[in-house]
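Subject: Handover of a structure, with notes on what was found

Dear colleague,

Please find below the sequence and structure that I am handing over to you. My notes on helix packing, backbone geometry and individual residues follow.

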Amino acid sequence: TACAHSAYPTRPDLRKEPQMADNPNPTVEGEPFVRPDTRALLDMLKAMDRPPVEEAGAVAGREGMRVLAQLADAPPHDLAVIKDVACPGPAGEIPCRLYDSRESREAGPAVLFLHGGGFVIGDLEVYHAVCTEFAHRLDLPVLSVDYRLAPEHPFPAAPDDCEAAARWLASSPAELGREITGLVITGDSAGGNLTIVTTNQLTNEPADVPVIVQAPIYPVASDLSQHRSLAMFAEGFLLTGAAMAWFTSQYGGDASDPRHTPMVGDCADTPPTVVCTAGLDPLRDSGREYAAHLVQLGTETVFLEFPGIVHGFTTLRKAIPSGQKDLEAFLDAVKLMVERYR
């Protein structure tokens with residue numbers, strides 16, 4: 001089944017999408033709904049007038065993402081276990097972090113979390129608070145993966161590392177002290193892409209335990225260039241079209257490779273899936289397209305679109321407080337799906 005959900009009330013007339021006509025960007029008439037707290041953040045960032053990531057470069061972009069997360073994300077939960085570990089990878093050890101609300105637990109599923117940041121920025125620290133949220137609300141161990149980043153390590157370094165981490169987690173490694181019976185793979189943006197890619201790899205070549213649920217958050221799943229949302233939200237909604245083009249060029253790879261663009265491959269036999277998108281996101285239509293494709297294939301799918309909010313809201317919950325309810329709705333759907341298939 002496919003379903004839509006909003007944790008934030010909207011007026012239907014404010015949600016009308018702009019007509020493309022001669023101007024692909026929304027103007028006063030027919031402008032999309034923007035939540036007040038989303039607008040406040042966008043106005044603040046505009047006033048700061050910081051150079052965009054495509055001008056600042058990878059190193060400065062990474063530092064900028066860390067600073068923004070420190071300022072704009074909700075505080076982390078206190079958990080029984082927060083431990084840095086490492087798993088073997090194709091180019092050496094991959095840094096990871098284990099989160100768990102319990103010191104010990106019976107055998108059960110574990111979450112593999114793959115962070116976003118355009119394959120170029122993002123790390124364990126940026127996603128620390130949101131990983132504590134996943135561990136707290138799902139009541140499952142969470143392994144966050146610090147995969148290699150472009151441009152220093154272009155495609156396929158990231159999917160190689162994520163697949164290696166998934167297979168390691170599935171093997172119930174002694175370092176984690178937990179018996180893993182199934183995987184829940186999730187992540188946002190670039191991590192949403194890596195979620196789908198990793199799930200597909202483990203569907204084609206199974207690990208020690210199955211992927212029981214995948215949950216990509218505003219993922220890059222298909223060719224973005226023809227999507228209406230890319231034109232609609234290319235400017236002024238945090239993630240820009242120029243930044244996406246830069247991330248894509250830094251990452252490299254061949255768009256015809258299903259480990260790069262997963263919808264060009266066979267998505268049959270995909271495990272139960274929860275997909276969410278943000279209403280003001282250039283990537284919105286990629287998530288919509290992927291969810292619709294899975295429904296057509298007969299995969300049990302929950303689709304959640306949150307109107308009036310921007311890409312990246314899961315790590316901006318202090319600045320956009322309404323995004324907390326959206327994240328909770330997403331995690332509730334994941335938890336429901338896990339309970340059905342654990």
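The axes of helix H4 (residues 128-138) and H10 cross at roughly 45 degrees and come within 10 Å of each other. This is a predicted model, in which local features need pLDDT of at least 70 and side-chain atom pairs count only at pLDDT 80 or more, while totals for chains, interfaces and linings use all residues. Residues are numbered from 1 along each chain as its sequence is written, and side-chain values use heavy atoms, with hydrogens and water left out.

Some conventions apply throughout. Helices (H or I, at least four residues) and strands (E, at least two) are DSSP runs, numbered from the N terminus. Axes are lines fitted to C-alpha atoms, for helices over the stretch in contact, and angles run from 0 to 180 degrees between N-to-C directions.

Helix packing

H4 and H10 are therefore oblique to each other; angles under 35 degrees count as roughly parallel, over 145 as roughly antiparallel, 65 to 115 as roughly perpendicular and the rest as oblique. The crossing of H4 past H10 is right-handed, a crossing being left-handed if the near helix is turned anticlockwise from the far one by less than a right angle, and right-handed if clockwise. On the H4 side, Val130, Glu133, Phe134, Arg137 and Leu138 meet Gln324, Leu327, Glu328, Phe330, Leu331, Val334 and Lys335 of H10, where contact means heavy atoms within 4.5 Å. The residues of this contact of H4 with H10 divide into 7 nonpolar, 1 polar and 4 charged. In this classification, Ala, Val, Leu, Ile, Met, Phe, Trp, Tyr, Cys and Pro count as nonpolar, Asp, Glu, Lys and Arg as charged, and the others, Gly among them, as polar.

A second pair is formed by helix H5 (residues 157-170) and helix H6 (residues 190-204), which pack at an angle of about 55 degrees with their axes 9 Å apart. That angle makes H5 oblique to H6. H5 passes H6 in a right-handed crossing. H5 contributes Ala158, Pro159, Cys162, Glu163, Ala166 and Arg167, which meet Leu194, Val197, Thr198, Gln201 and Leu202 in H6. By class, the contact of H5 with H6 has 7 nonpolar, 2 polar and 2 charged residues.

Helix H10

The 20 residues of helix H10 (residues 322-341) should span 28 Å at 1.5 Å a residue, and its end C-alpha atoms are 30 Å apart, which agrees. The expected span is 1.5 Å times one less than the number of residues. The buried residues of H10 include Gln324, Leu327, Phe330, Leu331 and Val334; buried means under 20% relative accessible area, exposed over 50%, and partly exposed in between (1.4 Å probe, protein chains only). Lysine 325 also lies in H10, and at 53% relative accessibility it counts as exposed. Its C-alpha atom is separated by 9.9 Å from that of phenylalanine 306, 19 residues apart along the chain.

Backbone geometry

Most residues other than glycine have a negative phi, and most peptide bonds are trans. The bond that joins alanine 150 and proline 151 is cis, with omega about 0 degrees. The peptide bond from phenylalanine 155 to proline 156 is also cis, with omega near 10 degrees. Proline 151 is found in the loop between strand E4 (142-145) and H5, and proline 156 is found in the loop between E4 and H5.

Serine 189 has a positive phi, near 60 degrees. Serine 189 is found in the loop between strand E5 (180-188) and H6, and is buried at 7% relative accessibility. Leucine 238 has a positive phi of about 75 degrees although it is not a glycine. Leucine 238 lies in the loop between helix H7 (228-232) and helix H8 (241-251), and is partly exposed, with a relative accessible area of 34%.

Two further residues

Asparagine 200 lies in helix H6 and is buried, with a relative accessible area of 10%. Not counting residues up to four places away in sequence, asparagine 200 touches Pro262, Cys267 and Thr270.

Isoleucine 82 is in strand E1 (residues 81-89) and, at 40% relative accessibility, counts as partly exposed. Leaving aside neighbours within four places in sequence, isoleucine 82 is in contact with His77, Arg97, Leu98, Tyr99, His128 and Thr132. The C-alpha atoms of isoleucine 82 and leucine 143, 61 residues apart along the chain, are separated by 9.8 Å.

With kind regards
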